[in-house]
Amino acid sequence: QVQVAESGGGLVQAGGSLRLSCASSERTFSNYAMGWFRQPPGKEREFVAAISRRSARLFYTNYADFVKGRFTISGDNAWNTVYLRMNNVKPEDTAVYYCAAAQDDYGRVGAVPSMENQYHYWGQGTQVTVSS
């Protein structure tokens with residue numbers, strides 16, 4: 001059973017930046033596609049961004065339209081930690097952010113999963129609050 005854990009949430013002012021991190025009980029995420037989802041207050045959970053890796057230098061990303069140009073998903077060199085860099089945050093970005101791991105080999109075929117049911121392992125979530 002793979003365990004993933006998010007960190008880095010907190011309170012940030014509108015227009016500011018925040019970086020979320022996702023670590024795993026596995027040594028590396030190299031066999032997984034990784035995604036970030038969020039659940040705003042009173043709303044359903046929604047896709048934010050995801051990344052899959054074909055090789056050490058070739059990877060694929062996918063973003064929800066409402067974060068394109070503001071958020072960036074990436075992994076460290078060893079693919080031990082996956083990040084979500086959030087720039088120019090808005091009050092509507094306030095949500096619990098979840099990291100998830102998808103076990104299928106999406107990177108090999110150049111695919112990036114964006115549906116919740118494509119992910120097998122989930123973290124507990126980290127709260128991000130953006131003040132106006």
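This is a chat about the predicted model shown above.

Visitor: Hi! Before we start, what should I know about the model?

Guide: It is a predicted model, where local features need pLDDT of at least 70 and side-chain atom pairs count only at pLDDT 80 or more, while totals for chains, interfaces and linings use all residues. Residues are numbered from 1 along each chain as its sequence is written, and side-chain values use heavy atoms, with hydrogens and water left out.

Visitor: Okay, how many helices and strands are there in the protein?

Guide: The protein has one helix and eleven strands. Both are DSSP runs numbered from the N terminus: helices are H or I with at least four residues, strands are E with at least two. Along the sequence the pattern reads β-β-β-β-β-β-β-β-β-α-β-β.

Visitor: And how compact is the protein for its length?

Guide: Its radius of gyration is 14 Å, close to the 14 Å that the globule rule gives for 132 residues, so the protein is as compact as a globular protein of that length. That radius is taken over C-alpha atoms, and the globule rule is 2.2 Å times the number of residues to the power 0.38. The C-alpha trace spans about 40 × 30 × 25 Å along its principal axes.

Visitor: What share of the residues count as buried?

Guide: Of the 132 residues, 44% count as buried. Buried means under 20% relative accessible area, exposed means over 50%, and partly exposed is in between (1.4 Å probe, protein chains only).

Visitor: Now the core. Which residues have the most contacts inside the largest nonpolar core?

Guide: They are Met34, Trp36, Leu84 and Tyr97, in a core of 39 residues. Strands giving two or more residues to this core include S3 (18-24), S4 (33-39) and S9 (95-102). The largest share, six residues, comes from S9. A nonpolar core is a set of buried Ala, Val, Leu, Ile, Met, Phe, Trp, Tyr and Cys residues joined through side-chain atoms within 4.5 Å.

Visitor: What does Met34 touch?

Guide: Not counting residues up to four places away in sequence, Met34 touches several residues, among them Cys22, Phe29, Ile51, Cys99 and Tyr119. Contact here means heavy atoms within 4.5 Å.

Visitor: You mentioned two cysteines. What do Cys22 and Cys99 form?

Guide: Cys22 and Cys99 form a disulfide, with their sulfur atoms 1.9 Å apart. A disulfide is a pair of cysteine sulfur atoms within 2.5 Å, and the structure holds one. Cys22 lies in strand S3 and Cys99 in strand S9, so the pair ties together parts that are 77 residues apart in sequence.

Visitor: Is Cys22 buried or exposed?

Guide: Cys22 is buried, with a relative accessible area of 0%. Cys99 is buried too, with a relative accessible area of 0%.

Visitor: Let's switch to Arg38. Where is Arg38 placed?

Guide: Arg38 sits in strand S4, and at 4% relative accessibility Arg38 counts as buried.

Visitor: Last one: what about Gly10?

Guide: Gly10 lies in strand S2 (residues 10-13) and counts as partly exposed, at 25% relative accessibility.
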